[in-house]
Amino acid sequence: MSLLEHSAQTRTFIDRYFPQTTIDQWNDWKWQIRHQIKTAAELSRFITLTENEKTALARADKFSFAINPYTVSLLENDPAGAIRRTLVAVEEEWMNTEGESEDPLGEDPHRPVKAIVHRYPDRVLFLATGFCAVYCRYCTRSRLVGDAAQYKSEMKAWQDGFDYIRKNPEIRDVLITGGDPLTLSDEKLDFILKEIRSIPHVEFIRIGTKVPFALPQRITPELCAVLKKYHPLYLSVHVIHPREVTTESRQACERLADAGLPLGSQTVLLKGINDNVEVLKKLMHELLKVRVKPYYLFHCDPVAGSGHLRTSVQKGLEMIEGLRGHTTGYAVPHYALDMAGSGGKAALVPESVVGEEQRATQDGHGSQRFLKIRNFRGETHLYPDGFDEL
Ligand SMILES: *Cc1c(COP(=O)(O)O)cnc(C)c1O
């Protein structure tokens, strides 16, 4: 295993909190997982918890909580810190607001077998595992993740999933997700990719993961060697805040890009965390620098207990307004929300066509339609429309 370089901040953190740990151990992703922090008492060693957080962490009836030591090193000591609010439970998680649901995308009725979610005609999700490197408090699939009982019989679930894809030739795109597929061993991932790649009608395979940003030690040369056997293979990486782009996660992204994997980001818009144009712009710029193309900015799904993290849709439109035209086009993700069941994703775009007017042509015999287009400066320009008739 070639070692990841680490930042001075990581070094200080290891010296202070894990003085007996060698750099080789720290860089071993299995060590990181074995040392996951799961209780308020353990977490209190690193940050001063509020009474609210302590109470929330002591209640075991909500969804999973676990943070690996690397990610703990990113937590702010301030309860309003961005990374801290995405990962540490608070009591507001027990408050359900109108329209929220345990299964906000209505996936469960669209699971013909346990491992498959089939909500679009030509593509499916393949749920490979329920395990994650960390558990995001706004997780759409919080009802399924972190529960060991969910992935006891994974081989049987995978086989049923492969069979389903084989029997349905309209499936040309498979998105391997979970849980986080990159928490599986190299051998298991190799097996899943080999089986899916062997299905002739599957053209496109993607993996959805937060591992490059939440467990960068996992992105070993050995893993990259497995992944690059199955091109075209794309990676959708979950990332929320520019503070997640570190010395370590940069190297993880660079290794994946060097292995030929096109990288696209998925960011969830979160209140008080990244609902700010400057924060998002910085994040998108950092991503481009490590060869990740911003793909989606998702409106936060109305999952039960997420009210304290969800913004209005208007706020998301303002974020796109603040990016489009104000920075590199490549840095602007699609803003989308996802509706339950067959509803699916809908792109949300600020209005550009704000009106039209007919003008008499120069020869006086006809008229030409001009559209009123609003640009990134907020000015309206007239634009001559074309004709669809031949
Ligand atoms: C989001 C999603 C996909 C992938 O959608 P793209 O727009 O192609 O990225 C596929 N299946 C399901 C069920 C999804 O929720």
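Residues are numbered from 1 along each chain as its sequence is written, and side-chain values use heavy atoms, with hydrogens and water left out. Because the model is predicted, local features need pLDDT of at least 70 and side-chain atom pairs count only at pLDDT 80 or more, whereas totals for chains, interfaces and linings use all residues.

The shell around the ligand consists of V117, R119, Y120, R123, L125, R206, Y295, Y296, D338 and K345, a residue being near a molecule if one of its heavy atoms lies within 4 Å of it. By class, this shell holds five nonpolar, no polar and five charged residues; Ala, Val, Leu, Ile, Met, Phe, Trp, Tyr, Cys and Pro count as nonpolar, Asp, Glu, Lys and Arg as charged, and the others, Gly among them, as polar. An N or O atom in the side chain of Y295 lies 2.6 Å from an oxygen atom of the ligand. For R123, a polar side-chain atom is 3.0 Å from a ligand oxygen, and for K345 the distance from a side-chain N or O atom to a ligand oxygen is 3.2 Å. On its own the ligand has 390 Å² of accessible area, of which the protein covers 89% (Shrake-Rupley method, 1.4 Å probe; for residues, only the protein chains shown count as cover).

Two or more residues of the ligand shell come from each of β1 (116-120), β2 (123-127) and β7 (292-299), and β1 gives the most, with three residues. Helices (H or I, at least four residues) and strands (E, at least two) are DSSP runs, numbered from the N terminus.

Pockets were defined on a 1 Å grid over the protein atoms alone, as open sets with protein on both sides within 12 Å along at least five of seven lines; a cavity is a set of points where a 1.4 Å probe fits but cannot get out, and lining residues have an atom within 4 Å of a point. Grid points are joined across faces, edges and corners, and a volume is the space filled by probe spheres set on the points. The largest pocket contains about 960 Å³ of space. Its lining comprises 42 residues, with T140, R141, T177, Q266 and F298 closest to the centre, and divides into 20 nonpolar, 11 polar and 11 charged residues.

The second largest pocket contains about 320 Å³. Of its 17 lining residues, I320, R324, V349, P350 and S352 lie nearest the centre. Both α14 (313-323) and β8 (334-339) supply at least two residues of this lining.

The backbone has cis peptide bonds from G178 to G179, with omega near 15 degrees, and from H231 to P232, with omega near 0 degrees. G179 is in the loop between β3 and α9 (186-197).

Methods: Polar contact = N/O pair within 3.5 Å; in protein donor to acceptor, adjacent residues only side chain to side chain.
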